[in-house]
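Student: I have a model open and would like to learn how to read its features one at a time. Could we start with what it takes to call a residue buried?

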Amino acid sequence: MARFFLTGATGALGSYLLKEILQSGNDLDLLVRAQKGLSPSQKIGSLLDFFKLDRDLLRQKRIRVFWGDISSPQLGLSQSDLYDILESSDYMIHSAADLSFDTPLEVAFKACFDPIRFVLQVLSDSSTSRPFKKVTLVSTVGVGGRSTPLVPEGFLSKEGDFHNNYERAKRALEDVVQQALECDTPLAVARPSMIIGDSHCGQIYRFQIFYHIAQFLAGLKTLGILPELGERTLDVINVDYVARGIQSLTEDPQAVGKVFHLCSGPKKAPSLQQVQELSRQAHLRHNLPLPTLRYLPRNRLQSLLNGLQFARHLPLPHNVIGRIKAMNIMLEYLGTEQEFENQLTLRYLSERGLRPSDPLDYIPKSLDYYLNKKVKSHRPRGLHIENR
Ligand SMILES: NC(=O)c1ccc[n+]([C@@H]2O[C@H](COP(=O)([O-])OP(=O)(O)OC[C@H]3O[C@@H](n4cnc5c(N)ncnc54)[C@H](OP(=O)(O)O)[C@@H]3O)[C@@H](O)[C@H]2O)c1
């Protein structure tokens with residue numbers, strides 16, 4: 001059995017990695033960001049409770065928790081903690097990241113570069129008696145930005161044109177990894193697409209962008225006004241497949257130097273219209289009100305929004321400004337048709353017994369889980385209910 005050093009364990013993906021790694025009999029060292037008023041065991045304790053895992057794993061030291069910060073030199077670890085981790089961990093999975101789209105560039109770059117600098121230093125330091133056998137860096141299929149309509153399962157060479165600084169920083173990180181691989185550094189890159197709940201029960205520890213998109217497509221963020229959706233697709237993927245895939249490729253020496261796409265791929269990704277339909281059906285199942293949908297051509301909607309750019313200077317209610325902002329982000333994000341190749345990863349993982357499930361089967365489960373948890377207690381008022 002091995003010990004994994006994992007960052008980002010309290011995230012949507014990291015939490016699932018923690019669960020999978022423990023349930024397959026391995027141990028964990030976690031780098032966890034300090035939270036005011038909480039001890040490390042309290043922060044990780046609630047995560048263990050969420051997955052119904054035994055808190056004794058902490059006492060038995062099958063899980064050890066280290067406070068740290070990925071945007072600090074040496075990940076904010078003290079020298080003795082670093083020594084402890086390097087002495088005992090066999091593999092590292094770096095999953096922590098700042099996923100916000102509006103992060104300033106220098107902050108986004110710091111959150112990407114400090115960890116890779118740390119990893120390269122550890123792997124090349126001849127005085128480290130026992131460096132990691134392998135490190136997996138979690139990136140994103142978004143490194144293709146706007147300018148790569150079909151993102152290949154390999155490093156990119158073309159200059160990117162990105163939707164946001166998150167994508168830009170991840171791409172810059174991959175450029176550093178690509179250079180490091182020339183020196184046989186034991187690294188692999190995992191690029192998930194949009195992560196959603198467990199394929200069996202929809203469970204997830206944190207709700208990320210997919211859940212906002214599902215609400216947007218149901219018309220709930222913009223009083224039912226939507227851009228025409230056309231034939232565009234939305235590549236989503238179940239968190240259990242991503243976590244198992246990443247654990248499996250991390251343990252495999254053959255995976256060094258490769259880029260893996262943990263996504264549904266061009267053949268299986270659902271269309272925006274299908275996601276919209278599933279989202280509206282889920283809201284109806286939960287007796288939640290839905291607005292009537294009205295579509296505008298994308299460019300007309302965009303000019304309308306451009307005209308409202310000055311809205312933040314007007315005395316408009318907070319929620320109206322929020323809706324304009326949401327519409328802008330969604331128009332921008334969903335406006336690009338993007339697909340992600342996944343044939344190599346599909347073959348690689350299916351040889352290891354892992355296959356992605358059908359998004360049309362697990363999207364409803366994810367949405368039911370979300371609506372049960374989140375929305376029921378904050379029912380929106382004053383929207384017209386459309387019976388469908
Ligand atoms: N979710 C997706 O749809 C998606 C899609 C493609 C790629 N990815 C990639 O998958 C990875 C995991 O994403 P996720 O969905 O799990 O994100 P998430 O839910 O936002 O979780 C982020 C994790 O990173 C930690 N973190 C953030 N800043 C940190 C800092 N400065 N120091 C230490 N820890 C920090 C957070 O800790 P706190 O608990 O303290 O906040 C949390 O554990 C990321 O690398 C992301 O780029 C995600």
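Tutor: A residue is buried if 20 or more other C-beta atoms lie within 10 Å of its own, exposed if 12 or fewer, and partly exposed in between, with the C-beta atoms placed from the backbone. Phe 4 is buried because 23 other C-beta atoms lie within 10 Å. Before we go on, note that this is a predicted model, in which local features need pLDDT of at least 70, side-chain atom pairs count only at pLDDT 80 or more, and totals for chains, interfaces and linings use all residues. Residues are numbered from 1 along each chain as its sequence is written.

Student: What is the average pLDDT of the protein, and over which residues does pLDDT stay under 50?

Tutor: pLDDT is the predictor's confidence in each residue, from 0 to 100. The protein averages a pLDDT of 91, and 95% of the residues score at least 70. Over residues 381-388, however, pLDDT stays under 50.

Student: Where is Phe 4 found, and with which residues is Phe 4 in contact once its neighbours within four places in sequence are left aside?

Tutor: Helices (H or I, at least four residues) and strands (E, at least two) are DSSP runs, numbered from the N terminus, and Phe 4 belongs to strand β1, residues 3-7. Two residues are in contact if their C-beta atoms, placed from the backbone, lie within 7 Å. With neighbours within four places in sequence left aside, the contacts of Phe 4 are Ile 21, Asn 26, Leu 28, Ser 89, Tyr 91 and Ile 93. Phe 4 and Ile 93 are 89 residues apart in sequence, yet their C-alpha atoms are 7.1 Å apart in space.

Student: How many bridges pair β1 with β2?

Tutor: Two strands pair if DSSP finds at least two bridges between them. β1 and β2 pair over five bridges in the parallel sense, and Thr 7 stands opposite Leu 31 in β2. The chain crosses from β1 through α1 to β2 in a right-handed β-α-β crossover; right-handed here means that, with the strands pointing away from the viewer, the path from the first strand over the helix to the second runs clockwise. Strand β2, residues 27-32, is mostly covered, five of its six residues being buried. Five bridges also join β2 to strand β3 (residues 63-67), and these two run parallel, with Leu 30 opposite Val 65 in β3.

Student: Why is strand β5 largely enclosed by the rest of the structure?

Tutor: Five of the five residues of β5, residues 134-138, are buried, and therefore the strand is largely enclosed by the rest of the structure. Lys 134, Thr 136 and Val 138 point one way from β5, while Val 135 and Leu 137 point the other way, and all are buried. Strand β4 (residues 91-94) pairs with β5 in the parallel sense over four bridges, and Ile 93 has Thr 136 in β5 as its bridge partner. Between β4 and β5 the chain passes through helix α5 (residues 105-124), and this β-α-β crossover is right-handed. β5 also pairs in the parallel sense with strand β7 (residues 187-192), over four bridges, where Val 138 stands opposite Ala 190.

Student: How should I read a positive phi, and what is the phi of Lys 52?

Tutor: Most residues other than glycine have a negative phi, and most peptide bonds are trans. Lys 52, although not a glycine, has a positive phi of about 55°, and its place is in the loop between α2 (40-50) and α3 (56-59). Lys 52 is exposed, because 7 other C-beta atoms lie within 10 Å. Leu 223 also has a positive phi of about 55° and is not a glycine; this residue is found in the loop between α7 (209-217) and β9 (225-227). Leu 223 is partly exposed, with 16 other C-beta atoms within 10 Å.

Student: Which residues come nearest to the ligand?

Tutor: A residue is near a molecule or strand if its C-beta atom, placed from the backbone, lies within 6 Å of it. Of the 25 residues around the ligand, Thr 10, Gly 11, Arg 33, Ala 96 and Ala 97 come nearest. The elements that give two or more residues to this shell are α1 (12-23) and β8 (194-196), and α1 provides the largest share, three residues.
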